[in-house]
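Trainee: I would like a close look at one part of this model, with the terms spelled out.

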Amino acid sequence: MFSFLKQRKPNCSPKKVLEVFLVITMICFITTGAVYDASVKQVTVILSNVFTDSYESLTVRTRQDTVENFLKDENITIAENQVLNVSAKDELKNASTIEIRTGKNISILADGNTHNVLATEKTVGDALIEAGVTLGQFDRTEPTTDALISDNMTITVRRIIAQSQTLTQAVPSPVVTVDDPLLWVGEQETVPGVAGVEELNYRVLYENGQEIGRDLVSTTMITPPTETIVKKGTKYRPMVTTVSGKKLAYSRKIEVLATAYDTSLEENGGYTKTAYGLTPGYGIVAVDPRVIPLGTKLYIESPDGGKSWSYGECIAGDTGGAIKGNRIDLCYYTQGECVQFGRRSATVYVLD
């Protein structure tokens, strides 16, 4: 620099030489200072503790080149229950962030191994992720994944394996009961059905080779069952009684209240035929079909064995709005006969 100044022409004044010198000196100073400032870095230090919900941060200037040297230079000590978010050997760059996280010591029992780790997350599930322990779809933990971390907690990971299992089982034949008028009352006949077969698909959970639970996923009917039909007899066994000096075979005897009606249109609602399709007349009896089916042959007399009166053989051939239950209505030709009959108790023999 100075040799350059000596080679200048004699007409340069001392003042001009001084100005040039000051300019060169200024340039050198500024250049040297800029290089020096480039080595200064801004570093943000964060101290966090999720268990107390505390968070502190501080930004400092440093010329250190590694995290380790920076911490020493700043007299920052990492406690046993603290962990860095970076490696101590990492290169320190401008705008770097160093987080010091406070944690709790826990033990994780998984896959036959015990892992002693420092957890800096609040819950069991997050602590397992932090420790690099992955849970399968059916795996379970004790405590559960939403439990809060506590000092010296032990977390047990239970590995659960799910397998599919298909079984078949018999489907019982449904039983249906029907009335059979060809069988005597008290008798029954069974027509056996055939059991079906269905397929059951299960999801079975195992822990250490032992089944701990199963869920039914789906069922498929392979062979539908057929019905077992039980026929119950409704025909009464014939009994024999002597009526008017002759033997009469009947299946049952019913005690009823009897009234009378005549053959007029007024008495029959304007109809010329009965509910069974007969012409109204003597020997036609109106009944409740739930008690005595239409078309049934009957013999009707007084309860004293026919000593007081007897209507004789007849047929259940009509119905009536007032004839319900053990009620019958006997058809006569005239209104006078009906009035004379009135209301009487009667014995009805159901004939075979």
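Trainee: In β4, which residue is the bridge partner of Gln82?

Mentor: The partner of Gln82 in β4 is Thr102. The model is predicted, with local features requiring pLDDT of at least 70 and side-chain atom pairs pLDDT 80 or more, while totals for chains, interfaces and linings use all residues. Residues are numbered from 1 along each chain as its sequence is written, and side-chain values use heavy atoms, without hydrogens or water.

The bridge belongs to the pairing of β3 with β4 (residues 96-102), which is antiparallel and runs over 3 bridges. Strands are DSSP runs of E, at least two residues, numbered from the N terminus; two of them pair if DSSP finds at least two bridges between them. Around that pair, 4 strands make up an open sheet of mixed pairing, ordered β2-β1-β4-β3. Its edges are β2 (54-62) and β3 (82-84), each of which pairs on one side only. Neighbouring strands are turned by 20 degrees against each other on average, direction ignored (axes are lines fitted to C-alpha atoms, and angles run from 0 to 180 degrees between N-to-C directions).

The largest cavity holds about 40 Å³. Its lining includes Ile254, Val256, Asp288 and Arg327, and β16 (246-261) and β20 (327-331) each contribute at least two lining residues.

Notes: On a 1 Å grid over the protein atoms alone, a cavity is a set of points where a 1.4 Å probe fits but cannot get out, and a pocket is an open set with protein on both sides within 12 Å along at least five of seven lines; lining residues have an atom within 4 Å of a point. Grid points are joined across faces, edges and corners, and a volume is the space filled by probe spheres set on the points.
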